[in-house]
Every structure is written in structure tokens, then in C-alpha cells.
Amino acid sequence: MPKVIVFGSVNMDLSVDAPRVPAAGETLAGSGFITAAGGKGANQAVAAARLGADVRMVAAVGADGFGEELTAGLAAAGADVSLVRRVAGETTGVAVILRTDGENRIVLHAGANHVLTADDVVADLRRIGEKDDVFVTQGECDPLATEAALRAARELGLYTIYNPAPARPVPDDLWPCVDLVCLNETECQVMCGVLPVDDATCLAAARRLRELGAGAVVITLGAAGSFALGADGETIRMPAAPATVVDTTGAGDTFIGALAAGLARSFSLAESMSWGALASGIAVSRLGAQPSIPTAAEVEALR
Ligand code: ADP
Ligand code: NA
């Protein structure tokens with residue numbers, strides 16, 4: 001079976017509840033401090049691995065306790081971590097999250113996530129990438145390394161999935177190197193200048209990326225499910241799975257990991273989206289991001 005190779009971020013999320021946002025110089029008593037494994041790259045790798053894919057993670061963490069814990073978590077989910085570097089003198093990426101009145105205020109420190117260069121990642125891909133492997137990347141690592149990786153993956157005959165999150169402009173000539181771009185509503189608005197509120201706006205946004213050279217375009221719409229414009233021009237509308245929502249953190253990452261795992265086992269785009277909908281439906285009904293991601297058996301039980 002083709003592999004799923006993920007180049008992406010590995011973060012520790014540190015969150016605490018506060019009664020309000022402290023003023024400059026002020027100290028407030030907080031509560032409910034938790035640490036949670038995160039980073040879009042790691043979340044997507046965990047999702048693909050739990051769903052049965054042969055996953056290789058390409059990433060960097062600091063030579064610290066967080067890095068050790070996060071790498072162990074990836075391995076426990078079944079991902080191969082032999083290309084996760086521990087970088088001396090760097091910290092592991094962290095997201096510091098202040099929760100007040102149900103609002104999150106987040107400061108992201110990329111740390112080791114920005115250490116891998118285009119040369120590093122391209123060398124990894126040349127070493128392990130084989131035709132028809134699925135390559136997945138996002139926007140939380142060095143942009144030049146990410147773009148070079150997509151170009152190298154395309155040259156090697158890999159199927160490339162790009163999740164531009166956070167969204168930022170990319171050179172037009174990158175799009176022909178992307179077989180599938182997966183965006184949520186916010187990312188769609190930034191990348192395409194269109195807020196996807198219905199099928200017509202989804203189609204208009206997707207057509208824009210197709211015209212620039214992207215293969216398939218998948219837009220996720222939260223509880224409204226997902227929309228796709230396939231490489232052959234077909235449109236797919238996939239409803240979300242019915243769910244009692246507990247925590248939607250990482251819903252999109254679960255969907256993308258499942259999509260990659262499905263495509264690696266030669267599911268059609270529609271079947272892979274259906275798997276993504278079921279997997280993310282389970283994930284939103286449980287607390288946390290990575291811990292809430294289901295296994296292939298749990299998803300199959302719903303089919
Ligand atoms: P992101 O987490 O990137 O914002 P979305 O919110 O679009 O991504 O969610 C991705 C997928 O997760 C959706 O396409 C849907 O299948 C599923 N999902 C998200 N929210 C819900 C929900 N409230 N109920 C059921 N499924 C959901
Ligand atoms: Na969850």
C-alpha cells in the first residue's frame with residue numbers, strides 16, 4: 001500500500017482558563033491548565049495512522065521534554081518518527097492559549113517547526129518517497145521548505161495534498177504541483193477571495209484554484225460538511241456525520257488525515273471524503289484533538 005508522508009508542525013498546546021484578559025503588568029489567578037498534543041502536521045499524521053495508513057512524519061522538535069512526549073505520541077498512534085529531528089538549541093513549537101468567556105486567544109511560537117529547510121525536506125522525500133505515495137503538508141512550517149517539498153513530491157510522482165493553514169498567498173506556479181487542496185471556510189476566503197456559504201460560492205472558489213492549476217479542491221464547511229470539485233470536474237457534496245458536539249478542535253485535521261489515508265488505499269475522492277466525514281464526526285463528539293481521533297475500526301463500525 002502507498003505510504004502517507006506528512007511534512008508538518010508538531011506543537012504542544014498549553015491552555016489555561018482566565019476570568020478575563022489580564023491588563024498589562026497584571027497577574028490573574030487561572031484554572032484548568034492543560035497541555036495537549038497539537039500542530040496541524042502531527043494531528044493529520046495521527047489521524048492517517050489511526051485510520052490504518054503507513055505514515056512517515058517529517059518534522060522537527062526541540063531537544064526538550066515536550067519534543068520527547070510529542071514524538072512518543074506520534075509513534076504510539078502508529079506513525080514512523082525516524083525523520084522527526086530533535087534539534088539542539090531550539091524549543092519545541094508551542095501554542096499558548098488563554099481561554100476567557102469561551103474565546104481563545106492564542107500565541108504560537110513556531111520554534112523547531114521552522115528549522116527544516118527546503119534542502120532537508122527535499123532530501124527526505126527523495127530518500128523515502130515512492131510513486132503513488134500520498135504527500136500531505138500545511139502552512140505551519142517554513143514556507144519555502146513547504147513549497148519546495150510540494151514541487152519535489154510532484155516530480156517524484158507522489159500524490160500531493162496541500163492544506164494552506166494558516167492561509168497565505170503562494171506563487172501561482174505552485175498550484176500545478178498540488179493534486180488536492182483542502183481548505184476550511186476561513187482559508188478559502190483568504191486563498192480564493194470567496195467566502196463559501198453555499199454550493200455556488202464553493203464552486204466559484206474551487207474553480208479559481210482549478211484555473212491556477214490545482215487538481216481537486218475540497219472545502220470543509222464545519223457542521224455543513226464538505227464540498228469538492230474533483231480533478232475530472234465532478235462536484236461532490238458530502239454532509240457532515242450527525243454528532244453531539246463536545247469539542248471541534250482538530251476536526252479539519254482529522255478530516256484531512258482520513259482523506260489522505262483513504263486516497264492511499266485507492267478509495268475514490270467521494271469515498272475518502274465520506275471516511276473523513278465519519279472520522280471527524282467521531283472526533284468532534286469527544287474531548288481534545290489528537291486523543292479524540294478514531295481508529296479505522298471505529299469508523300468502519302459506522303458504515
Ligand atoms: P476546521 O477544523 O479546519 O475548521 P471544519 O470545521 O470545516 O474544519 O471541519 C472539518 C470537517 O469536520 C467537516 O467537513 C465535517 O465533516 C466535520 N465537522 C466539523 N464540525 C462538525 C460538527 N459540528 N458536526 C459534525 N461534523 C463536523
Ligand atoms: Na474532539
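**Stop 1: the sodium ion**

Start by selecting the sodium ion (ligand 2): its protein donors are D247 (O), A283 (O), R286 (O), G288 (O) and S292 (OG), lying 2.3 to 2.8 Å from it. Donors here are N, O and S atoms within 2.8 Å of the metal (3.2 Å for Na, K and Ca), and water is not among the atoms, so sites may look incomplete. Along the chain, these donors follow the spacing D-x35-A-x2-R-x1-G-x3-S. Colour A283 and G288 next: both are buried (under 20% relative accessible area; exposed is over 50% and partly exposed in between, with a 1.4 Å probe and protein chains only).

Before moving on, remember that this is a predicted model, where local features need pLDDT of at least 70, side-chain atom pairs count only at pLDDT 80 or more, and totals for chains, interfaces and linings use all residues. Residues are numbered from 1 along each chain as its sequence is written, chains are lettered from A and ligands numbered from 1 in the order in which they are written, and side-chain values use heavy atoms, with hydrogens and water left out.

**Stop 2: the annotated residue**

Select D253, where UniProt places the feature "active site" (unreviewed entry); such positions are given in the numbering used here, feature names are shortened, and annotations may be inferred rather than shown by experiment. D253 sits in helix 7 (residues 251-264); helices (H or I, at least four residues) and strands (E, at least two) are DSSP runs, numbered from the N terminus. Is D253 buried or exposed? D253 counts as buried because its relative accessibility is 7%. Show its surroundings too: leaving out residues up to four places away in sequence, D253 touches K40, N43, Q44, A47 and N163 (contact means heavy atoms within 4.5 Å).

**Stop 3**

Now switch to a cartoon view. An open sheet of 9 strands runs in the order 5-4-1-8-9-10-11-12-13, with mixed pairing; two strands pair if DSSP finds at least two bridges between them. At its edges are strand 5 (80-87) and strand 13 (235-238), each pairing on one side only. Zoom in on strand 1 (residues 4-7) and strand 4 (residues 55-62), which pair in the parallel sense over 4 bridges. There, I5 stands opposite R56 in strand 4.

**Stop 4**

Select strand 6 (residues 93-100) with strand 7: they run antiparallel and are joined by 7 bridges.

**Stop 3: salt bridges**

Finally, show the side chains. The structure holds 16 salt bridges (a side-chain nitrogen of Lys or Arg within 4 Å of a carboxyl oxygen of Asp or Glu). One of them joins E155 and R126 (3.9 Å, N to O). Since E155 lies in helix 4 (residues 143-155) and R126 in helix 3 (residues 118-128), the pair ties together parts that are 29 residues apart in sequence. Both E155 and R126 are exposed.

Another links R168 and E147 (2.8 Å, N to O). R168 counts as partly exposed at 27% relative accessibility, whereas E147 counts as buried at 11%.
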